[in-house]
Every structure is written in C-alpha cells, then in structure tokens.
Amino acid sequence: MKRLPLAIILALCISPLHAEETAPVVVKQILSATKNSSGQPIRLPEGNAQVLVSTYEIAAGAVLPEHKHPFPRFGYVLAGTLRITNIETGETRDYKPGDFILESVGQWHKATTVGSEPVRLLVIDMQKPGTNNVVLKK
C-alpha cells in the first residue's frame, strides 16, 4: 500500500473547510464625481481637517430650515426619500435609499422628507477641527 505524504493529506482535509470560510470581496461603486450637487468642483481641503461621521434620522413630514455648509458634506441615504432644494440655483433633487449626496458648499439650501417614511442618512463632514459645518439662515 502506497502512503500519501502528510502535506497532501492535510491539504485535502483543510482546503474545503477553508474555501467555505472565505467569502469573495465584492466592490460596488456607488458614485464617481468631480462636482457636487450644484456643479461646484470638489476640492481637497487645505491644512488639517476633521472627519465626522454621523447618522441622522429625520421624521416623516419634517422640513429642515435653509442652511449652508462651509465645508464638504457627503450623505448616503439608508431609508426614506429626501428632497433638497438649492435656493441659489433653484434646482430640486430627490434622494432615495442607495443614493449618495454630494452637498453644495457655501450655497443656501433646504430639505424636506417625502412620503410617510422617516429619512435615515449616514453623513460625513470634512471640516476644520473644532468648527461646525452647518450655518442656519437667520
């Protein structure tokens, strides 16, 4: 009787188990852009920056007041529909689950929820450390 080397026996025993444990990595690009929602070029910040990642839940029927962002803000819609109106350009867009929002910088806009479902967002702000990235219109 011919004996198999121990390395082959181990490879035959371990490989199927290892293959089941390892899942492939799937990358799905959601967005590629060089301009934000109002057509402004996306620029890299100068100096030190702080990145803040937050989740927002906005009630159904809510209206957010006019505001602007002095620094870049990015949002990913997890649930619901958010309507953003840029006051300066007059453009209105609806964002639904799976949409990525590249908010305008330094332009007044407002937002409302659409429909009966609350809006859930993942929001990423990139700003100067210690500052606020939301300025409310007075």
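Here are some notes on the fold, the pockets and the cavity of this predicted model.

1. Ground rules first. This is a predicted model, where local features need pLDDT of at least 70 and side-chain atom pairs count only at pLDDT 80 or more, while totals for chains, interfaces and linings use all residues. Residues are numbered from 1 along each chain as its sequence is written, and side-chain values use heavy atoms, with hydrogens and water left out.

2. Helices (H or I, at least four residues) and strands (E, at least two) are DSSP runs, numbered from the N terminus.

3. Of the 138 residues, 24% are buried, meaning under 20% relative accessible area (1.4 Å probe, protein chains only). The chain exposes about 9,700 Å², with carbon and sulfur atoms supplying 58% of that; the areas come from the Shrake-Rupley method with a 1.4 Å probe. Take the contacts (heavy atoms within 4.5 Å) between residues at least 6 apart in sequence: 76% of them join residues at least 24 apart.

4. Now the largest pocket, at about 340 Å³. Its lining has 21 residues, with Arg 43, Pro 70, Phe 71, Pro 72 and Val 105 closest to the centre. A pocket is an open set of points on a 1 Å grid over the protein atoms alone, where a 1.4 Å probe fits, with protein on both sides within 12 Å along at least five of seven lines; lining residues have an atom within 4 Å of a point. β3 (73-79) and β8 (119-127) each supply at least two lining residues. The lining splits into twelve nonpolar, four polar and five charged residues; Ala, Val, Leu, Ile, Met, Phe, Trp, Tyr, Cys and Pro count as nonpolar, Asp, Glu, Lys and Arg as charged, and the others, Gly among them, as polar.

5. The second largest pocket comes in at about 240 Å³. Tyr 56, Leu 64, His 67, Arg 73 and Glu 103 lie nearest its centre, out of 18 lining residues. β2 gives the largest share of this lining, three residues. By class, count twelve nonpolar, four polar and two charged.

6. There is one cavity of 30 Å³ or more, a cavity being a set of points where the probe fits but cannot get out.

7. On the volumes: grid points are joined across faces, edges and corners, and a volume is the space filled by probe spheres set on the points.

Notes:
Buried < 20%, exposed > 50% of the residue type's maximum accessible area, 1.4 Å probe, protein only.
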